[in-house]
Amino acid sequence: MGKEAYDDYKRHLRDREANSQKYLILDCPPDDSSALARQDVYLHTRSVPSSALRVGDLIHLEKNQRVPADLVLLHTSDSSGTCFIRTDQLDGETDWKLRVAVPECQKLEEAALARLDAEIYADSPIKDIHAFIGTFTLNHPPQADGSAESGLSVSPLTVENVLWANTVLAAGSAVGMVVYTGSETRAVMNTSHAETKVGLLDLEINRLAKILCTVTFALSIVLVALNGFRGLWYIYVFRFLILFSSIIPISLRVNLDMGKTVYAQQIMNDSEIPNTIVRTSTLPEELGRIEYLLSDKTGTLTQNGKVLSIPGGDASDSKVEMEMKKLHMGTMSYGFDSMDEVAHQLEVAFGAGDHLQMRKASLSTGAQLATRGRRDMSSRVRDVVLSLALCHNVTPVSNDDGTVTYQASSPDEVAIVTWTQSIGLTLVFRDRTRIDLRTPAGAIISFDVLDIFPFTSESKRMGIVVRDRQTGEITFLQKGADVVMAKIVQRNDWLEEETGNMAREGLRTLVMARKRLGPQLYKDYKTQHHEASVKLEGRNEAMAAVVAEYLEHDLELLGLTGVEDKLQDEVKSTLELLRNAGIKIWMLTGDKIETARCIAISTKLVARNQYIHEIAKLKTSEQVRDQLAFLQSKLDCCLVIDGDSLQLCLNLFKKEFIEIATKLSAVVACRCSPTQKADVARLIRNHTKKRVCCIGDGGNDVSMIQAADVGVGIVGKEGKQASLAADFSVTQFSFLTKLLLWHGRNSYRRSAKLAQFVIHRGLIISIMQAVFSAIFYFAPIALYQGWLMVGYATVYTMAPVFSLVLDRDVNEDLALLYPELYKELTKVRNDLSWTCIQA
């Protein structure tokens, strides 16, 4: 209790320190203040602690300052009205996020914001950090001469205009208006107290302690009964309870906690698994009892690492870890070995230079581009690569040492831009309204950014509307997953076949398409889109409908890219060792069946010559029943099932499906949602009553990790969200071998032996006491007095406790060489139950 009270006190000090941090609030200057005073930002500000901030306050933030409340961004020091924030403390992602100031406020001087006659409407607070609905109403828009104009100006506010609390301003300065404070901020609303995980060993000891308490009470009653319930027999019962109290293992909890602390320190100090963190120190023994391992694919079994920094922005010096294995354009296909040919074709296309641009300006572009077959090879390569170089949310940031860092919300985006740079088309400038690219010939081509449609897990695509500054052409570019893009692009006869071929090769696919927009069409779209964007009810649905009506149909299919998922180091040997240790491995992923099947084979998740049974696109209960009947007759196969079929099985035949699936040696579930991953983990736990370990690296794995008995998070390039939510944090999947087979096995063995010793110790002295009392006519007299008993339970028997905490039956090399030792440990009798039988 003292330790917990000290922890609470330290937590209180940290909270008080956070709440007392000072922030600058902008005050409205008096009407008679001078022009110089109105331009001085700091003249009419006051410093207040963060605990005193109220809704409606205007806060001035500097670089590297933490945002104290949820703010609507009104003004930034950057002329484009953008700023970058770091959100690692909010969502665990390490990439910087771009935020945009309200355009009407960005046009004004910072000091004039406090005098602005405007209103902000913000929707009621919700937990979703990726959604915000609001409007900014300017009651009297200012004129160029400083006077106010009559009439309202209403602008939509989205999540791009908001700075959430606990994020950090990464560059420049900014002014924001407080819209949510305290418990209404997204950060506080998403701070949930996860369910406390209790190890099976602790539950067994609790159950055994209850049994021993009952035994103690029964033994006391028996001795009093044998004495004939003479005299004050109920007093004698309590005296016997005190004499036999050593049966109850009170000191065992302290000894086990001490042991767990030692186990956690040994794991974190192991030089062969560096940077491993034990976040839940009560679960080391659970690592020695795992029988099911549920793993994510991307970033866990496969690499998700991308190089984010390019020295000097020079393509010749840049290093690209992402391997673009294939580029397919219908009638042409480039493999990994011919990427230099892509660079050459790109150079040819841009090398034609000025006279091509003059020809395009003089001729009708619609007639030129009506038929793709007429264009030469280099022009088609140019279209695909140019689209990849434009359709993204990457921003190049110059560092103090002269290097250029690409910042984006996803490493995949950075990797694609890095690849286009490696073949000659380099991103040199990007802001909210413009993108500049350097061609292989060294010329700079500029594009105006008119609209951006960011990627979401629901839409599975990302789009952008750009205008070429030289030709004035407006183009809608879009890239995304084949399952959604196939419905948007023009009819073709090769996309579905090629995506299947690439998936069978283990490649991740990305479809690239575009649509030319006339000035009038774009103007009509913009009008309708603005009307939808200022709606307060059903805004997102209305905006999506406008985009689908005007943009997302009959797109020209440009090409298909295939990116290899490189396996992490030593994945094959790790999975083989874990399988030999008796652990059944399931892979849960959001990828296609073909890709997941290929990865399962390449990682040796599927044994050589093992039959792989695929279940996909099930629609009826009869189909499900037939598939389950087949699986029941072939339990030595590997099951590969898609998300829709999995959900149907769980809805109709949950018990039968999980009973059969848990008997299979390997299961691969594809197109799984985060909720499905967590449901599968809970189902296995509840049905088998065995220990389940889940491992992942992304935010979509958090629910699965929290639903498991033991959650392991990998620190990935996309952030630390999974690592922070897990019980154990590692940096590589291969570290799981030593974590389970060595540290887990030792922790379980030591704690079981320690519990056995402490319980035996109490039983021995209690049996001696019972015999002594029986000999002396069942008198409740202590055999050993005072300090002798205390010393027996502490000092005299201290050495075995310390030796058991550090005990090992085999050395580390043997434990890893013979993983069957781990399997034998999970299948032996329960040591604690055996203790009672022995007694």
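Mentor: Start with the rings: ring pairs link F132, W164 and Y180 into a cluster. Rings of Phe, Tyr and Trp (its six-membered ring) pair if their centres lie within 6.5 Å; planes under 30 degrees apart count as stacked, over 60 as edge-to-face and the rest as tilted. Note that this is a predicted model, where local features need pLDDT of at least 70, side-chain atom pairs count only at pLDDT 80 or more, and totals for chains, interfaces and linings use all residues. Residues are numbered from 1 along each chain as its sequence is written, and side-chain values use heavy atoms, with hydrogens and water left out.

Trainee: How many aromatic pairs does the structure hold?

Mentor: A pair of aromatic rings is described by the distance of the centres and the angle of the planes. Counting such pairs in this structure gives 10.

Trainee: What kind of aromatic pair do F132 and W164 form?

Mentor: Their centres are 6.2 Å apart. The angle between the planes is 75°. That makes the pair edge-to-face.

Trainee: How many residues apart are F132 and W164?

Mentor: F132 sits in the loop between β7 (118-122) and β8 (134-138). W164 sits in the loop between β10 and β11 (168-169). Helices (H or I, at least four residues) and strands (E, at least two) are DSSP runs, numbered from the N terminus. The pair links distant parts of the chain, and the separation is 32 residues.

Trainee: Are F132 and W164 buried or exposed?

Mentor: Use the cut-offs: buried means under 20% relative accessible area, exposed over 50%, partly exposed in between (1.4 Å probe, protein chains only). For F132 and for W164, the class is buried.

Trainee: Is W233 buried, partly exposed or exposed?

Mentor: W233 has a relative accessibility of 34%. Therefore W233 counts as partly exposed.

Trainee: In what order do the strands of the open sheet lie?

Mentor: Two strands pair if DSSP finds at least two bridges between them. The sheet has six strands, with antiparallel pairing. Its edge strands, each pairing on one side only, are β2 (45-49) and β10 (162-163). The order is β2-β1-β3-β12-β4-β10.

Trainee: Which residue in β12 stands opposite L58?

Mentor: Look at strand β3 (residues 58-61) and strand β12 (residues 174-180). They pair in the antiparallel sense over four bridges. Opposite L58 stands M177.

Trainee: What is the distance between the closest N and O atoms of R691 and E286?

Mentor: The two form a salt bridge. That is a side-chain nitrogen of Lys or Arg within 4 Å of a carboxyl oxygen of Asp or Glu. The closest N and O atoms are apart by 2.9 Å.

Trainee: How many residues apart in sequence are the parts that R691 and E286 tie together?

Mentor: R691 lies in strand β31. E286 lies in the loop between β13 (277-278) and β14 (290-295). So the pair ties together parts whose separation in sequence is 405 residues.

Trainee: Is R691 buried or exposed?

Mentor: R691 belongs to strand β31 (residues 691-696). Its relative accessibility is 11%. So R691 counts as buried.

Trainee: With which side chain does R691 make a polar contact of 3.4 Å?

Mentor: A polar contact is a pair of N or O atoms within 3.5 Å; within protein, one must be able to donate a hydrogen and the other to accept it, and residues adjacent in sequence count only if both atoms are side-chain atoms. The side chain of R691 makes this contact with the side chain of D709.

Trainee: Where does D202 lie, and where does K260 lie?

Mentor: Their side chains meet in a salt bridge (3.6 Å, N to O). D202 is buried at 8% relative accessibility, and K260 is buried at 3%. D202 lies in helix α6 (residues 200-226), and K260 in helix α8.

Trainee: Which residues are linked with D202 in a network of salt bridges?

Mentor: The structure holds 29 salt bridges. In this network, D202 is linked with R253, K260 and E285.

Trainee: Which helices do the buried residues of α28 pack against?

Mentor: The buried residues of helix α28 (residues 798-805) are V801, L804 and V805. They cover an arc of only 100° around the axis (taken from the directions from the helix axis to the C-beta atoms), which puts them on the same side of α28. Contact means heavy atoms within 4.5 Å. The buried residues of α28 pack against α8 (250-268) and α26 (735-775).
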